[in-house]
Amino acid sequence: MSRSPSEIKATRMAPLARLPAFFALEGKRAVVSGGSAAAIWKAELLSAAGARVEVFAAVADEELHELAAAPPRGEVSVQARAWQAADLSGAAIAVADCANDDEAAAFAAAARAAGVPVNVIDRPAFCDFAFGAIVNRSPLVIGISTDGAAPVFGQAIRAKIEALIPRGFSRWADAARAWRPRVQALALPFRGRRGFWEKFAARAVAAPDREPTDADLEALLAPVTAQQAGSVVLVGAGPGDPELLTLRAVRALQSADVILFDALVAPDILDFARREAKKMLVGKTGHKVSCRQDDINALMISLAKAGRRVVRLKGGDPMIFGRADEELAACHAAGIPAEVVPGITTAQGAASRLLVSLTRRGQARRVQYITGHATVDGRDAKLPSDIDWSSVADPAVTTVVYMPVKTLPELVATAISAGLDPATPAIAVERATRADERVIASTIGDLPAKLAAEPPSGPVVVMIGRVFGDYVAAATLEVPADLVVRSRPA
């Protein structure tokens, strides 16, 4: 049976504790009440954002006067008295450090009566907005909020981001601001504009500490002013854990116009795609209702010919039982540029979670991947006819079986008849690396019955070999001593 590709609607935004927003305060008046260290720090932040800051403090210490004498940007003036309601008129923003809830309520009420957004320091019940931890690479500014739940946690996250974001990004952000009018004047279509800024971002990431020049601008503009053509990128989504995506895969997802994804791709992976991208399920699932490969190829080519940037998203690695050769051949025949972004294979992901090396020294001379089913004349056969059963029976080989569920009993019986020891350790991993991963450890002779007793509902990979002896033994299964590979000398 076959099904047609279907578009998956974008999920709604998850609930937000706070709406992140950035105030434009250049030349606008800001009011701060209080002379405490916290109030002075807020006055400094407002000045750094370009506001004209008026601080009302009955007692003003030396630090406040030092700030007024040398503000970071906007003028800071100090009024040696308490605030009055009239002081809030015409302000763009108001901040106060209050001694108690009564003072906080009075200040908040006066600000709101004047139509001014208000923040009362450390009193969230009276706040219209909150200050978060800030990473400053202005004009690139990153704000972090924990909704007041854990400010120290927010500061820890800020420190992590500080270490990741080069200080030179501020120069590239300045260049972006200076170059934007010229890019807008070209009246490029949406894809052209997005292509320019994607290439800009890639260049900034590659050379963050270099001063951007006019030569960079010309180099960036040259390809996007040419006619925009469609393209196809085959992207490996990895085994399931979104954190195992490669950086290149994330960039491809964030630049895609359309994403054609398989049913085996973990839903969380799609969260990395840009929200505007069209996401279409072209679910190819072994032995179940699937889209025909010819239909997928035709859709992929038609979208690319229409100028779309198409990502063909596949579980694991597209070059491992992903029919990538057929899709690349279709692109080549249609004259569509195509590339491949490799992904972590399901076998690699599963082995990493098991903490088992697939090529443990002295025990496995090689690793081989085989498939549990083959497609003949558009239909799934029981088993491929060309499996080298002697290689599966080789005790010095680790064998990984993809798409094994339906044919596993026949595969195991045939391998045993070819010489595979039925006591060889084996592992079945369902939904490898995902939060709901399930592992069944057994001997290969018993594995089909164990898997049938607990039928899987997600993708499964079966791995066979002596390297799994320790793991199977630890699962309290009886494995002959000569098949158990010790982690360390006994």
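This passage describes selected local features of a predicted model. Local features need pLDDT of at least 70, side-chain atom pairs count only at pLDDT 80 or more, and totals for chains, interfaces and linings use all residues. Residues are numbered from 1 along each chain as its sequence is written, and side-chain values use heavy atoms, with hydrogens and water left out.

Helices and strands are taken from DSSP runs (H or I of at least four residues for helices, E of at least two for strands) and are numbered from the N terminus. Helix H1 covers residues 37–48, and helix H2 covers residues 62–69. Their axes come within 10 Å and cross at roughly 5 degrees. H1 is therefore roughly parallel to H2. Axes here are lines fitted to C-alpha atoms, for helices over the stretch in contact, and angles run from 0 to 180 degrees between N-to-C directions. Angles under 35 degrees count as roughly parallel, over 145 as roughly antiparallel, 65 to 115 as roughly perpendicular, and the rest as oblique. Ile40, Ala43 and Glu44 in H1 are in contact with Glu63, Leu64 and Leu67 in H2 (contact means heavy atoms within 4.5 Å).

A nonpolar patch on the surface is formed by Met13, Leu16 and Leu19. Together these residues have about 380 Å² of accessible area. Patch residues have over 30% relative accessible area and no salt bridge; like charges are joined within 9 Å, nonpolar side chains (Val, Leu, Ile, Met, Phe, Trp, Tyr) within 5 Å. Areas come from the Shrake-Rupley method with a 1.4 Å probe, and for residues only the protein chains shown count as cover. Leu16 sits in the loop between strand E1 (6–8) and strand E2 (29–33). Leu16 counts as exposed because its relative accessibility is 53%. Buried means under 20% relative accessible area, exposed over 50%, and partly exposed in between (1.4 Å probe, protein chains only).

Several other loop residues were examined. Asp87 lies in the loop between strand E4 (76–79) and strand E5 (93–96). With a relative accessible area of 10%, Asp87 is buried. Residues up to four places away in sequence aside, Asp87 touches Arg29, Val31, Phe56, Arg81 and Ala82. Asp87 and Ala111 are 24 residues apart in sequence, yet 9.4 Å apart in space, C-alpha to C-alpha.

The loop between strand E6 (118–120) and E7 holds Asp122. Phi of Asp122 is near 65 degrees, a positive value in a residue other than glycine. Asp122 is exposed, at 75% relative accessible area. Ala130 is found in the loop between E6 and E7. Ala130 is partly exposed, with a relative accessible area of 42%. Beyond its neighbours within four places in sequence, Ala130 is in contact with Arg18 and Asn119. Ala130 and Asp147 are separated by 17 residues in sequence and by 7.6 Å in space, C-alpha to C-alpha.

Pro139 lies in the loop between strand E7 (133–137) and strand E8 (140–144). The peptide bond from Ser138 to Pro139 is cis, with omega near 10 degrees. Phe321 also has a positive phi, near 50 degrees. Phe321 belongs to the loop between strand E12 (309–314) and helix H10 (324–334). At 37% relative accessible area, Phe321 is partly exposed.

Salt bridges were counted by distance: a side-chain nitrogen of Lys or Arg within 4 Å of a carboxyl oxygen of Asp or Glu. The count comes to 31 salt bridges. One of them joins the side chains of Arg203 and Asp216 at 2.8 Å, N to O. This pair links distant parts of the chain, 13 residues apart. Arg203 is in helix H6 (residues 190–206), and Asp216 is in helix H7 (residues 214–225). Arg203 is partly exposed at 29% relative accessibility, whereas Asp216 is buried at 3%. Glu162 and Arg167 also form a salt bridge (4.0 Å, N to O). Arg167 counts as exposed, at 60% relative accessibility.

A salt-bridge network links Glu430, Arg431, Asp436, Arg438 and Glu454. Within this group, the side chains of Arg431 and Glu430 meet at 2.6 Å, N to O. Both Arg431 and Glu430 are buried. Ala435 lies in the loop between strand E18 (425–430) and strand E19 (438–443). With 91% relative accessibility, Ala435 counts as exposed. Ala435 and Gly240 are 195 residues apart in sequence and 8.9 Å apart in space, C-alpha to C-alpha.
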